[in-house]
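I opened the notebook today to see how the parts of this protein pack together. Here is what I looked up, in the order I went.

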Amino acid sequence: MSRVGERLKQERLKKGMTPKQLGKKCGVTESFILDIETGKKIVNEKLLAQISKALGANLEEDMVLEAPAEEAKLQTENQPKPMKAVEAVSQRRPEVVPLNQWEDALSNIIKKVPVYDIEMKQIKGHKNFPIIDKKVEGFHPDKLVYIEVSDDTMLQYRIKKGDRALIYLNHEFMNGAFQVVEYDGKRRLRKLKKIEGNKMQLLDGEGQGITKEMKAVKIIGRVIRVEIDF
């Protein structure tokens, strides 16, 4: 079961609705709702918005943790298949592992993305990705890094200690996005929300937030997705 599917099922049961009733409200079949809940199908943003409205619960914030279905099209027959995914869909990514003597020769078609601690001072490993049309996962290869989540402060958002967040290094503020930020001399993973004036709210996993002037917060990058190992 994916985390989005699990959340959907929890909210549906809270409302006392059957899959058939929910499907009817959203214009889909009962079996389609059940397939989403069990992780057999990945829901798109439009349908997720309809389901959220029908349940009176915001499920869309979980989409940042879901690996898009289009990624499956990038897998080639000679690449290992991803392991069974869970919510994010937190997913073991397929890796291309070149022989050491070929690393230099393959550097233009395979990118070694480093896995850092939250402070980005220690490299804890690498993950290899194919470079397609000069990009990795649709981004500039040199702008991608992994950050290993250091604690459970974002647990309510289903981001746990030890999970790895794929980060696009970009200093641009994005309202409602999960971003790695630095303030008060420390780096953290937070959900950012713009409020009045030049201020932002930095939310942790318990929905508790602090307010900071935008100029007092350094944005390191935004989360593309979160992955876990099995």
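**Entry 1: the whole chain.** I began with contacts between residues at least 6 apart in sequence, and found that 55% of them join residues at least 24 apart. I keep in mind that this is a predicted model. Next I checked burial: of the 230 residues, 42% are buried. The secondary structure comes to 4 helices and 9 strands. Reading along the sequence, I noted the pattern α-α-α-α-β-β-β-β-β-β-β-β-β.

**Entry 2: helix α2.** Which residues of α2 are buried? In this helix, residues 19–26, I found Pro19, Leu22, Gly23 and Cys26 buried. Looking down the axis of α2, I saw these buried residues fall within an arc of 100 degrees, so they line one face of the helix. On the face turned away from the buried side I found Lys20, Lys24 and Lys25, which are exposed. I then asked what the buried residues of α2 pack against. Their partners are α1 (3–14), α3 (30–37) and α4 (45–55). Before moving on I looked just past the end of α2, where glycine 27 takes a positive phi of about 75 degrees.

**Entry 3: α2 with α4.** For a pair of packed helices I want the angle between the axes and the distance between them. The axes of α2 and α4 come within 9 Å and cross at roughly 120 degrees. The two helices are therefore oblique to each other. I noted the crossing of α2 past α4 as right-handed. From α2, the residues in contact are Leu22, Lys25 and Cys26, and they meet Leu47, Gln50, Ile51, Ala54 and Leu55 of α4. I sorted the residues of this contact by class and got 6 nonpolar, 1 polar and 1 charged.

**Entry 4: α1 with α4.** How do the axes of α1 and α4 cross? They come within 10 Å, at an angle of roughly 25 degrees. I therefore wrote α1 and α4 down as roughly parallel to each other. Their crossing is left-handed. Here α1 brings Val4, Leu8, Glu11 and Arg12 to the contact, and α4 brings Leu48, Ile51 and Leu55. By class I listed 5 nonpolar, no polar and 2 charged residues. Ile51 and Leu55 of α4 were already in my notes, as residues that meet α2.

Terms used. Residues numbered from 1 in each chain as written. Predicted model: local features only at pLDDT ≥ 70, side-chain atom pairs only at ≥ 80, totals over all residues. Heavy atoms only, no water. Buried < 20%, exposed > 50% of the residue type's maximum accessible area, 1.4 Å probe, protein only. Arc of directions from axis to C-beta. Contact = heavy atoms within 4.5 Å. Axes fitted to C-alpha atoms, helices over the stretch in contact; angles between N-to-C directions. Parallel < 35°, antiparallel > 145°, perpendicular 65-115°, else oblique. Left-handed = near helix turned anticlockwise from the far one by under 90°. Nonpolar A, V, L, I, M, F, W, Y, C, P; charged D, E, K, R; others polar.
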